[in-house]
Amino acid sequence: MVATKKQNDGVGLTHEGREYSAETLHEMHDMMLYIRRFEEKAGQMYGLKKIGGFCHLCNGQEAICVGMQQAAEATDYMMTSYRDHGHILARGSDPTAVMAELLGRAGGIVGGKGGSMHMFDIEKNFAGGNGIVGEQVPIGIGFGFASQYRDDKRVSITIMGDGGINQGAVYESFNIASLWKLPVVFVIENNQYAMGTSLSRASAETHLFKRGISFKVPGMQVDGMDALEVERKMGEALAHARSGEGPMIVEMMTYRYRGHSMSDPATYRTRGEVDEWRSGRDPIARLQKQMIAAGLATEESFKEKDKEIKKAVAQVAKDAEAQPEPDPSVLWDDIITDEIPGAYPYPRQVG
Amino acid sequence: MAKITYREALNQAMCNEMERDDRVFLMGEEVAEYNGAYKVSQGMLDKFGPRRVIDTPITELGFAGLGVGASMAGLRPIIEFMTWNFAILAMDQIVNAAAKMKYMTGGQYSCPMVFRGAGGAAARVSSQHSQALENWYANIPGLKVVMPSNPADAKGLLAASIRDNDTVIFIENEINYGDVSEVPEGEYIVPLGKADVKRVGKDVTLVAHSRMTGYALAAAEELAKQGIDAEVIDPRTIRPLDEATILTSVAKTNRAVVIEEGWRFAGIGAEISARIMEKAFDDLDAPVIRVTGKDVPMPYAANLETLALPSVAEIVEAARAVCNRN
């Protein structure tokens, strides 16, 4: 399910002057649908108490995950908050390992140590999965700093939400990144609710792309429900950061269909509001419509694809669930690298 | 061996490590053009240039987190806090990110880096700039905590900390920066996790770290005049702790006083005395006594400040008490 990059065959459709091949469009669509079905399965598994702790789903926000990946290089760094399943799947990580992590299994992507909020894949340059709101933002500029230090032209894609944007760490990061022209794209997934607090109840300036003005960080607002628009604008932001001109803010306007986490019934918003986004602006339905209009697919072919994906996700869940729990011995693994024999607290020892 | 200051010793360690490894860089407030608030990084900007010796805005959380990210990306940051009092602003990055990164990522990422700067009580700067908080960091799996008490250890331990593949909390002492003593020239490494017997004695074990090591040595001189032969042990690395050296000493002296500048409750002394109780109960001829900072925020007035800190006289008194000589 890895979305391979760029257009290489005939033009499938054109969006704002950019051409997308049929192959690329199918890959983007399939990945969005895969994420949707994966999250639904995760929700189910949570309901069955097979997934524990906190579990934050990204249903509705798939266009951001997929559009950004399409624009980014595989060598670019990426990190986000705890709403991380969709991003790591779009990044091309093994879905069975992601599901196994949710289930606390040995083959989990971080060996069962992290769970839903702490998905990491160093092979894919995916640095979390960070559980403290806004914490990943200073870390993100650190990756950008390393890129500049080594002059290797990698961009750090540092993602936060409309909740995270109000943390002080974010503004310290905007300032440093701008001052030193670090190659960072700050992505704000504005789903309009920080847990149960709406944007207008939490933010004096609700146009979040303007939040960099004091730091001379340019910003733009993007329809985060449109995968092609996300791809196009993200491409511009990445080019800006990569060229050495410094960071950029991209505010992705989006909506999460589910509550903040699985334990949130989302009573703070109306059914009508949710339905308006769900039925009127859904990113998957939107791309399907565009692709059907361009003659690249039919309603029937999408139905077939959906069946195929549901089956694949079910298999992933089955395979992940069949895995053993982590071996008790790993409790003591990976705390420090250079253990010092004879010094207390002793590695692998209670007393 | 040349006689140099504690701050010059730290400078030598950083310069040597930066010469041998391009991944190492120094970042913090006033480290470059100002040559360091305490002149620890004197001359380093001239030597290494602005790519590797980097002045930051006053933004502890930001540059601590930047260091965490840079270490995850393969660099070896030395992040200087002007003092450890300001590191409190960066606690999330130290505790929730650096300390846990290797574990939380199943070993994929780690944070090989040094957070360093001046800690402990300073002189006449009141509560917010004068405190010993090493017990906070020593409580956390994933961190190492290192505190040199003299120039040679400062050089050797800092070099070892920079080469170490884990996150090291390296707490220097503000009062000790001008101390002068002999320091080996060139490359010099003091391994982490090894205590040092600073004075050999047979009657009582004094365990003290950082600035308190000097106090313990002064107390030992006074005790010698009174016919008590004290052994002084400096753990040097607080976490992980070389308890064997302490326990071996207690087996010999049967008596121990643990000294620290920090507060008593859940402090380093509490941990060390608990370990002595757990591991050397039968060796003890008397309960371990702790000498600590008083349980008050540091006051400004000179007389009150003196009262708030441990003193040589208090160490002498505690040693006499543990030896039943009062």
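Colleague: Two strands count as paired if DSSP finds at least two bridges between them. With that in hand, do strands β2 and β4 of chain B run parallel or antiparallel, and over how many bridges?

Modeller: Keep in mind that this is a predicted model. Strand β2 (residues 24-28) and strand β4 (residues 76-83) of chain B pair in the parallel sense, over 5 bridges.

Colleague: Which residue in β4(B) stands opposite B:G28?

Modeller: That would be B:E80.

Colleague: And what is the strand order of the sheet in chain B?

Modeller: The order is β3-β2-β4-β5-β7-β6-β12 (chain B), which makes an open sheet of 7 strands with mixed pairing.

Colleague: Which strands stand at the edges, and why is one side of each left without a neighbour?

Modeller: Those are β3 (53-55) and β12 (237-239) of chain B. Each has a single partner strand, so one side has no neighbour in the sheet.

Colleague: How much twist is there, on average, from one strand to the next?

Modeller: The average is 20°.

Colleague: Nice. Which strands does α7(B) lie across?

Modeller: Helix α7(B) lies across β2, β4, β5 (113-119), β6 and β7 of chain B. Relative to β7(B), the helix runs at about 160°.

Colleague: Changing topic: what does the domain assignment give for chain B?

Modeller: The assignment gives domain 1 (2-183) and domain 2 (196-322). Taken over C-alpha atoms, the centres of these two domains of chain B are separated by 26 Å.

Colleague: Now the two chains. How many residues of chain A and chain B are in contact?

Modeller: There are 37 residues of chain A in contact with 42 residues of chain B. On the chain A side, α5 (136-150) and α6 (168-179) each supply at least two residues.

Colleague: Which element gives the most to the side of chain A that touches chain B?

Modeller: Helix α5(A) does, with 9 residues.

Colleague: And how does that side of chain A divide by class?

Modeller: It has 21 nonpolar, 10 polar and 6 charged residues.

Technical notes. Residues numbered from 1 in each chain as written. Chains lettered and ligands numbered in written order. Predicted model: local features only at pLDDT ≥ 70, side-chain atom pairs only at ≥ 80, totals over all residues. Contact = placed C-beta atoms within 7 Å. Helix = DSSP H or I, 4+ residues; strand = E, 2+ residues; numbered from the N terminus. Nonpolar A, V, L, I, M, F, W, Y, C, P; charged D, E, K, R; others polar. Domains from an automatic or database assignment. Axes fitted to C-alpha atoms, helices over the stretch in contact; angles between N-to-C directions.
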